[in-house]
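Open your viewer and get ready to click along. We will start with the whole chain and then select a few places in turn.

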Amino acid sequence: MPKRSAGILLYKYDGGALFVLLVHPGGPFWSNRDLGAWSIPKGEYGPDEQPEAAARREFLEETGIAVDGALAFLGELRQKSGKLVTAYASESDFDITKIRSNLFEMEWPPHSGKTQAFPEVDRAGWFSLSDAREKINASQRPFLDRLEASLSPE
C-alpha cells in the first residue's frame, strides 16, 4: 500500500496576476536546494483520516495558519517515490511573515549521536505560476496546471 499525503495549494491575485504559495522543506538535506525542492504544504495521513481533513491539519502544522474556507479538489498524483498526493486549492492572502512550522528531530551531524530539531518548513513564498513551475517538485507541477485551468474563464 503506497503512502498517502494531502495538501493545500493556496493562491491569490495581485495586480491581476495569479500567485501560488509554496513551502521549502527544512532540515540540512534541503538547505542548499532550491529549484525542484519546493512543495505545496502537505503531509502523510493514515487510512482512518479523510484527505481533506489531513490537508487542513498538515497546512496548519507546516505553516501555523488554519485554512477554514472551502477547498476545491485538484485531484491526485503519484510522486517518484510512489507516494500518492491529493491536493486541494483555496484562495487566501496568507502572510508568509507569520509562518510557524512544527519541528522534527533527527541525528545531526550523521553518526554523531547528537539529535537536533529542525522546522519541517523553513520558509514559504508566493510565486507566479512560471516561477512556481521551476521551484516546485516536478511531480507536483500538474497541480499548478489544474489550478490554472480551473480558474480560467470558459
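Here is a short tour, from the overall view down to single side chains.

This is a predicted model, in which local features need pLDDT of at least 70 and side-chain atom pairs count only at pLDDT 80 or more, while totals for chains, interfaces and linings use all residues. Residues are numbered from 1 along each chain as its sequence is written, and side-chain values use heavy atoms, with hydrogens and water left out.

**Stop 1: the whole chain.** Show the protein chain as a cartoon and you will find three helices and eight strands. These are DSSP runs numbered from the N terminus (helices are H or I, at least four residues; strands are E, at least two). In sequence order they read β-β-β-α-β-β-β-β-β-α-α. The C-alpha trace spans about 60 × 35 × 30 Å along its principal axes. Of the 154 residues, 44% are buried, meaning under 20% relative accessible area with a 1.4 Å probe, protein chains only.

**Stop 2: strands β4 and β5.** Select residues 72–78 for β4 and 84–91 for β5. The two strands pair in the antiparallel sense over six bridges; pairing requires at least two DSSP bridges between strands. Then move to the hairpin, where five residues lie between the strands and Gly 82 takes a positive phi near 100 degrees.

**Stop 3: helix α3.** Select residues 141–151 and show the side chains of Phe 143, Leu 144 and Leu 147, the buried residues of this helix. They cover an arc of only 105 degrees around the axis, which puts them on the same side of α3; the arc is that of the directions from the helix axis to the C-beta atoms. An α-helix has 3.6 residues a turn, so residues three or four places apart point the same way. Now show what the buried residues of α3 pack against: β1 (4–14), β2 (17–25), β4, β5 and α2 (129–135).

**Stop 4: Ser 101.** Which loop holds Ser 101? Look between β5 and β6 (103–107). Leaving aside residues up to four places away in sequence, Ser 101 touches Glu 61, Glu 62, Pro 119, Glu 120 and Val 121, where a contact means heavy atoms within 4.5 Å. Zoom in on its side chain: a polar atom there lies 3.3 Å from the backbone nitrogen of Glu 120.

Note on methods. Polar contact = N/O pair within 3.5 Å; in protein donor to acceptor, adjacent residues only side chain to side chain. Buried < 20%, exposed > 50% of the residue type's maximum accessible area, 1.4 Å probe, protein only.
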